[in-house]
Amino acid sequence: MNFDLTEERQMLQDTLRRYLREKYDTATRNKIIESEAGYSTKIWAELAELGVIGALFTEEQGGFGGKGFDITTVFEELGRAGVVEPFLDTGVLAGGLIADLGNDDQQAHVEEIIAGSLQLAFAHGEPTSRYDLNRVQATAKADGDDIVLNGHKAVVVNAEAADLLVVSARESGEPGDNEGISLFLVPADTKGVTIQGYGLLAGGRAAEVMLDDVKLPASARLGEAGKAFDAIEARVAAASVAQVAETLGAMETATRLTKDYLGTRKQFGRPIGTFQALAHRMSDLLIELEQARSAVINAAGHLDSDRAARESHVSAAKNLLGRAGRLVAEDSIQMHGGIAMTQEYELAHIAKRIVMADHRFGDTDHHLERFIALSAA
Amino acid sequence: MDLSYSDEEKAFREEVRTFLKNKLPKELSDKVRGGDELGKADIERWHAILNEQGWLAPNWPKKFGGAEWNAVQRHIFEEEAAAHHAPRIIPFGLSMLAPVLQKFGSKEQQDYWLPRILSGEDWWCQGYSEPGAGSDLASLKTTAVRHGDHYVVNGQKTWTTLGQHANMIFCLVRTDKEVKQQEGISFLLIDMDTPGIEVRPIVLLDGGAEVNEVWFTDVKVPVENLVGEENKGWTYAKYLLTHERTNIAGTGFSQAGLTAVKRLAKAEIAGGKPLIQNPHFAARLAQVEIDLKAMSTTNLRIISKAAAGTAPGVESSMLKVKGTIIRQEINDLARRAAGIYAMPFASEAIEGSNAGLPDPLAAGPVAAQYFNNRKLSIFGGSNEIQRGIIAKVTMGG
């Protein structure tokens with residue numbers, strides 16, 4: 001057993017932490033959130049330069065990482081600083097699917113992705129799919145040599161900025177079937193694609209993506225026809241590992257801020273952390289933080305295992321981080337009092353990142369049920 | 001024991017319902033149901049409608065123009081108002097300042113200020129908390145120094161709710177630094193248009209700007225704006241706080257919130273079926289409902305004692321703690337129910353709803369409300385302070 005980071009990962013962690021501490025303070029980040037684009041192209045380019053995106057791909061794919069612990073190393077730091085730039089969407093989700101499934105032509109995009117010159121979005125969820133990955137109703141129908149897409153993709157993060165969308169659609173079967181789902185690479189400016197964007201509560205932007213007779217050449221298909229489900233599930237597992245690591249980083253910040261506040265804020269003539277009622281709650285948060293860290297390690301360490309082990313650990317981590325995250329976010333706000341409710345105080349954004357993570361890739365309840373089902377199988 | 005309302009109470013409920021059905025403007029109830037922020041004009045409109053009916057000041061004695069309802073009547077009104085999505089009554093003038101003026105104010109102050117509260121001529125806000133004086137309110141530092149016929153006020157207040165709409169603020173100020181903290185505080189009425197006052201909005205984590213900082217630099221306040229006696233302000237403040245705690249359990253809000261969650265969970269699809277059929281979600285919902293039913297009865301038990309003339313003591317602290325836990329749990333359920341559609345900054349997304357955004361967004365800004373209502377367990381005496389009171393009173397600690 002060895003729980004230390006490798007030297008390379010340690011260096012990446014140090015570099016990222018230093019960069020974000022210097023370049024990504026609360027005021028800077030809040031300006032980015034309020035900007036029209038919702039993310040900073042400058043920060044994006046500089047982080048790409050530092051290797052953040054390259055660390056998400058394996059050497060065969062053109063990167064220098066791609067393992068569970070590479071992903072967690074990057075995202076824990078991004079989470080610690082409350083970064084809103086769409087690395088998860090471009091790098092792990094859509095970029096990962098292109099790297100996993102693409103033919104040589106499609107794989108050529110990976111170089112641009114790693115260089116930071118391409119933005120992507122994964123258009124998969126739908127208004128009634130909630131957290132089920134196989135509930136795809138959007139359709140893909142052959143029309144001569146072409147393929148025509150129709151459907152409605154919901155809350156597609158980074159869709160407005162994306163040059164290319166990775167879109168899922170059904171070629172056969174019914175919503176709820178794993179079989180029959182295909183992926184397509186769709187340039188965002190393709191005729192029939194309508195993108196209705198909006199800001200997200202925890203920063204960043206998303207959109208409803210409407211597909212109206214979107215005509216594509218057959219070469220736009222990513223991977224085999226009707227066989228994309230397994231790849232989607234594996235990629236969402238990687239994205240979930242990224243997300244729980246990000247939440248862990250955010251929880252570290254929340255607990256650090258709260259601990260500092262309890263030590264310095266005085267009421268009734270003494271630091272409020274000297275009141276046992278608060279001191280014990282702080283202790284509980286620190287206990288849950290270590291539980292969360294271990295759940296993230298379990299999930300990252302099993303990302304390349306067989307499906308059953310991988311998914312079981314992912315669901316365990318999502319469930320635990322959902323519970324522990326809510327506790328840390330709510331109690332950190334409560335112990336601060338009103339100050340934590342203000343947008344200019346760092347904890348406000350951090351708490352929103354933690355809680356809203358439960359609304360992507362399945363919430364606490366979804367993963368509890370999934371963990372039960374996977375354990376019974 | 002008889003769990004049913006009396007015939008008079010039932011008739012009263014019918015009267016309230018009829019009034020709300022006929023007089024509550026649909027534009028206002030739509031906004032409340034959708035979780036939209038109400039503007040100043042919206043609130044003033046609703047206040048005027050209630051005033052016309054004579055119901056704007058349910059807790060005031062009739063001699064001051066109030067409805068003089070008992071606690072059970074007030075409870076019935078609050079329940080029905082929440083169920084019909086009526087805007088909440090802004091309490092600062094009506095149920096916080098007015099009882100203090102009625103009890104401790106001079107005849108001149110009562111005659112001048114009280115009618116202006118009812119007519120809406122004055123919009124009051126509260127100047128209590130300071131950056132260094134939150135839970136420990138008595139440590140407040142804003143000073144008022146007397147110079148002849150006026151005081152000069154310097155300092156800063158914070159968390160001033162809807163201060164941006166207000167033309168008047170009632171403040172706790174320090175008039176004696178030499179004595180025990182609680183014995184050097186006075187209660188002042190200050191015109192917000194006085195030179196030296198600056199109001200700065202505080203942007204909250206849900207994007208809303210409902211609270212403010214209020215800064216005072218050499219602000220001159222006429223001595224006739226002192227309420228009661230100098231250095232007795234703490235007594236008046238404590239009296240006011242007991243009034244702030246009417247409707248503290250918020251059962252009407254919780255009931256309306258629970259109904260909204262159920263509606264949302266019927267519309268939301270999970271695993272191909274309505275979410276409300278999901279056993280896990282249904283269990284969460286049922287637990288809150290069970291808690292709420294019990295708390296509603298606790299609330300009524302305490303209220304009927306109050307109606308019989310017994311002042312609620314430690315019970316109001318209990319209701320505050322349990323009531324806010326339940327309300328926050330309902331906010332949490334609404335957020336969960338919305339699934340991926342909790343993620344958008346919904347007010348922004350809803351504005352674009354003409355563009356054909358899907359139904360779940362019609363649930364309103366549930367996640368923003370979840371975050372906003374974290375305040376419930378913080379303000380008006382945090383839940384930690386309330387637990388301290390319960391422990392002190394029941395265990396003498």
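Me: When α8(A) passes α9(A), is the crossing left-handed or right-handed?
Reply: α8(A) passes α9(A) in a left-handed crossing. That word applies if the near helix is turned anticlockwise from the far one by less than a right angle; clockwise makes it right-handed. Helices here are DSSP runs of H or I with at least four residues, strands are runs of E with at least two, and both are numbered from the N terminus. One caution: this is a predicted model, where local features need pLDDT of at least 70 and side-chain atom pairs count only at pLDDT 80 or more, while totals for chains, interfaces and linings use all residues. Residues are numbered from 1 along each chain as its sequence is written, and chains are lettered from A and ligands numbered from 1 in the order in which they are written.

Me: At what angle do the axes of α8(A) and α9(A) cross?
Reply: Two packed helices are described by the angle between their axes and the distance between the axes. For α8(A) and α9(A), the axes come within 10 Å and cross at roughly 160°. An axis is a line fitted to C-alpha atoms, for helices over the stretch in contact, with angles from 0 to 180 degrees between N-to-C directions. α8(A) and α9(A) are therefore roughly antiparallel (over 145 degrees; under 35 is roughly parallel, 65 to 115 roughly perpendicular, the rest oblique).

Me: Which residues of α8(A) and α9(A) meet?
Reply: Among them are Val241(A), Leu248(A) and Met251(A) in α8(A), and Leu285(A), Val296(A) and Ala300(A) in α9(A). Contact means C-beta atoms, placed from the backbone, within 7 Å. By class, you'll find 15 nonpolar, two polar and three charged residues where α8(A) touches α9(A) (nonpolar: Ala, Val, Leu, Ile, Met, Phe, Trp, Tyr, Cys and Pro; charged: Asp, Glu, Lys and Arg; polar: the others, Gly among them).

Me: How do the axes of α9(A) and α10(A) cross?
Reply: The axes of α9(A) (residues 276–301) and α10(A) (residues 307–336) come within 9 Å and cross at roughly 155°. So α9(A) and α10(A) are roughly antiparallel to each other, and their crossing is left-handed. The residues making the contact include Leu285(A) and Ala292(A) of α9(A), along with Val314(A) and Leu320(A) of α10(A). Sorted by class, that contact has 16 nonpolar, three polar and three charged residues.

Me: Which residues touch the most other members of the largest nonpolar core?
Reply: In this core of 218 residues, they are Val166(A), Phe184(A) and Val241(A). A nonpolar core is a set of buried Ala, Val, Leu, Ile, Met, Phe, Trp, Tyr and Cys residues joined through C-beta atoms within 7 Å. The largest share, 13 residues, comes from α8(A), residues 229–264. Not counting residues up to four places away in sequence, Val241(A) touches several residues, including Gly68(A), Ala299(A) and Val314(A).

Me: How many residues of chain A are in contact with chain B?
Reply: 37 residues of chain A are in contact with 39 of chain B. The chain A side divides into 15 nonpolar, 12 polar and 10 charged residues.

Note on methods:
A residue is buried if 20 or more other C-beta atoms lie within 10 Å of its own, exposed if 12 or fewer, and partly exposed in between; C-beta atoms are placed from the backbone. Two residues are in contact if their C-beta atoms, placed from the backbone, lie within 7 Å.
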